[in-house]
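Please have the sequence and the model open while I talk.

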Amino acid sequence: MAEAVDPDTGYMLTELYGGAMKVLIPKGFANIGSIFPIPDNQEVFRSTSTKTNIIIELVERLEPGSYTLPEEVVSQLETSSDSNQVELGAVLYHLHDMCTANGDTYEILDPPKPYPVQLIPSPAYTCQALVTSKGQLSDTQRLLNMHSQSSPQAALTSTPAGTTGTTVTAPVPQQETTSTCHFFLVRLAQYGTDILVYINVPHDKLEESGVPGAVAQEEMRAHDIMANMMRSLGIIDYSLFGG
């Protein structure tokens, strides 16, 4: 994966999907796909200093009539002043699907609204939600946790003194945790594809750090990451989408 440093922003212009796409990724974010196998339609990056992670996913475009919105999601549309209910419904359905796939609950913090991606001439939308999890992790989050647990430091701390190579794993109590999901969607109608981008900010490690304002600071960073990704996300080879 080729990368080019942008010295003015602290970001790296990073190739996605074998060079078919590109986007600015913050320096200090590890490419999880180079460490663990991930689905071919995803690119995953994680901060080496916090749990903040970026997931880019290519999925089949949601067409009108191909999905049913839950009642609570429909109520979000009814309060929207935007006339393009079909597009906003697709945004909310994708977000709902991601947030509830593992039994999590969520609250919309910033309802979906149009927001152009500078280098792709297709409709794009943003949305933000607070996600609450009760000890249940998505497959991607499990992957990210494996990344942190496979470090030498984690291996050392998992083996109590006095044992000879035996790793004792204590049961992990299920506790309620929260994270913020900064989400944007690009809709490629001609190619039957939706590009999903999730920037997830888990709060637990930040709250436990004892640093005043740590969560707020990381949320500001996530907004900056989204702005840079939306101005830099580009498609080099449209054959990626089979069109």
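Let me start with helix α6, which gives the largest share of the lining of the second largest pocket, 4 residues; helices here are DSSP runs of H or I with at least four residues, strands are runs of E with at least two, and both are numbered from the N terminus. What we have is a predicted model, in which local features need pLDDT of at least 70 and side-chain atom pairs count only at pLDDT 80 or more, while totals for chains, interfaces and linings use all residues. Residues are numbered from 1 along each chain as its sequence is written, and side-chain values use heavy atoms, with hydrogens and water left out.

A pocket, on a 1 Å grid over the protein atoms alone, is an open set of points where a 1.4 Å probe fits, with protein on both sides within 12 Å along at least five of seven lines, and lining residues have an atom within 4 Å of a point. The lining of this second largest pocket includes D110, K113, H182, H223 and M230, and the elements giving two or more residues to that lining are β7 (105-114), β8 (124-134) and α6 (214-232). About 160 Å³ of space lies in this pocket, the volume being the space filled by probe spheres set on grid points that are joined across faces, edges and corners.

Which residues touch the most other members of the largest nonpolar core? They are I195, M229 and L233, out of 33 residues, where a nonpolar core is a set of buried Ala, Val, Leu, Ile, Met, Phe, Trp, Tyr and Cys residues joined through side-chain atoms within 4.5 Å, and buried means under 20% relative accessible area with a 1.4 Å probe, protein chains only. Again α6 gives the most to this core, with 6 residues. Not counting residues up to four places away in sequence, M229 touches V23, L24, I25, I54, I56, F184, V197 and I199, contact meaning heavy atoms within 4.5 Å. A second, separate core of 27 residues includes I32, Y67, Y125 and A129.

E218 also lies in α6, and is buried, with a relative accessible area of 7%; leaving aside neighbours within four places in sequence, E218 is in contact with T50, T52, V201 and L206.

Definitions and conventions:
Buried < 20%, exposed > 50% of the residue type's maximum accessible area, 1.4 Å probe, protein only.
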